[in-house]
Amino acid sequence: MRFSDDLEFGHRGRQDVYDYVERHGAVDYEEARRAVGMAPDEFGTHVTVLAREGILEHDREEGELRVAFEEDDTETYETDVRFVIRQAREEDMEPLVSVIRDSLTDDRYIVGETLADVVDHEEVLLRHNELQSRVVFVATVGGRVVGWVHLDHPEREALAHTAMLTVGVHREHRGHGIGERLLERGQRWAEAVGTEKLYNSVPATNEPAIEFLSERGWETEAVREGHYRIDGEYVDEVMMAYHC
């Protein structure tokens, strides 16, 4: 299943199974069955149909269920380092949260910090439901996650043409073109699903982020004065936008 796919189940029981798995990321088969209150045969039938339609994955060896997001092509780049960009998987959640927190120690990036908090709290990385689609691509060096681009795409009709984007690279891996490639990957995904405008908001004090986006076609759309209070001081929020 792709993030751009509409959610149609044809049966309330299958939707209940999907909703539970989607809320929890990767879940134990029997735990999920008990949680939705289904008999073994009924639950097994719904899981079989959802797996056949490419909506859920059933790992019989591990006894786990997860949403079957179709992965986009893995992209490999060679600059002065070799790095890979790919769609994130649920098992990337802990290293991704760690990288986001480490990356933002020096450069305040409130939206990025919020992403880490939300993912850590929900314990789910990828989301696709009636309200939102949350997709993340990660950059890895030697198999280790070193950067990310995240898009939060609302499913409500009035906002479905927009998405919020965050992007970042661990400070030890900056200067190799990783951030630029991540940004490009996020923008391509947005265009592919019909997004017309991307947003990214940063504190005015984060000049490197503003310069990075401005040099790549992003425009300052608005400034909210004193929107943030950082270390006891009020800081403006710079709201930037990119037209796909």
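This is a predicted model: local features need pLDDT of at least 70, side-chain atom pairs count only at pLDDT 80 or more; totals for chains, interfaces and linings use all residues.
I'm counting two residues as in contact when their heavy atoms come within 4.5 Å.

**Helix 1 against helix 3**

I looked up who touches whom here. From helix 1, Gly-13, Arg-14, Val-17 and Tyr-18 meet Phe-43, His-46, Val-47, Val-49 and Leu-50 of helix 3. Sorted by class, that contact has six nonpolar, two polar and one charged residues. Next I checked the geometry: the axes of helix 1 and helix 3 (residues 40-52) cross at roughly 75° and come within 9 Å. That makes the two helices roughly perpendicular.

**Helix 1 against helix 2**

Helix 1 (residues 12-24) packs on helix 2 (residues 29-36) at about 125°, with the axes 10 Å apart. I put this pair down as oblique, and the crossing is right-handed. On the helix 1 side I found Asp-16, Val-17 and Tyr-20, meeting Glu-31, Ala-32, Ala-35 and Val-36 in helix 2. That contact splits into five nonpolar, no polar and two charged residues.

**Salt bridges**

I get 14 salt bridges. I picked out Glu-91 with Arg-66, where the closest N and O atoms are 3.0 Å apart. Glu-91 is in the loop between strand 5 and helix 4 while Arg-66 is in strand 3, so the pair ties together parts 25 residues apart in sequence. Arg-66 comes out partly exposed, at 21% relative accessibility.

I also looked at Glu-184 and Arg-181, which pair at 3.2 Å between the closest N and O atoms. Both are in helix 6 (residues 178-192), three residues apart, about one turn of the helix. Glu-184 is partly exposed at 27%, and Arg-181 is partly exposed at 35%.

Conventions: Residues are numbered from 1 along each chain as its sequence is written. Side-chain values use heavy atoms; hydrogens and water are left out. Axes are lines fitted to C-alpha atoms, for helices over the stretch in contact, and angles run from 0 to 180 degrees between N-to-C directions. Helices (H or I, at least four residues) and strands (E, at least two) are DSSP runs, numbered from the N terminus. Angles under 35 degrees count as roughly parallel, over 145 as roughly antiparallel, 65 to 115 as roughly perpendicular and the rest as oblique. A crossing is left-handed if the near helix is turned anticlockwise from the far one by less than a right angle, and right-handed if clockwise. Ala, Val, Leu, Ile, Met, Phe, Trp, Tyr, Cys and Pro count as nonpolar, Asp, Glu, Lys and Arg as charged, and the others, Gly among them, as polar. A salt bridge is a side-chain nitrogen of Lys or Arg within 4 Å of a carboxyl oxygen of Asp or Glu. Buried means under 20% relative accessible area, exposed over 50%, partly exposed in between (1.4 Å probe, protein chains only).
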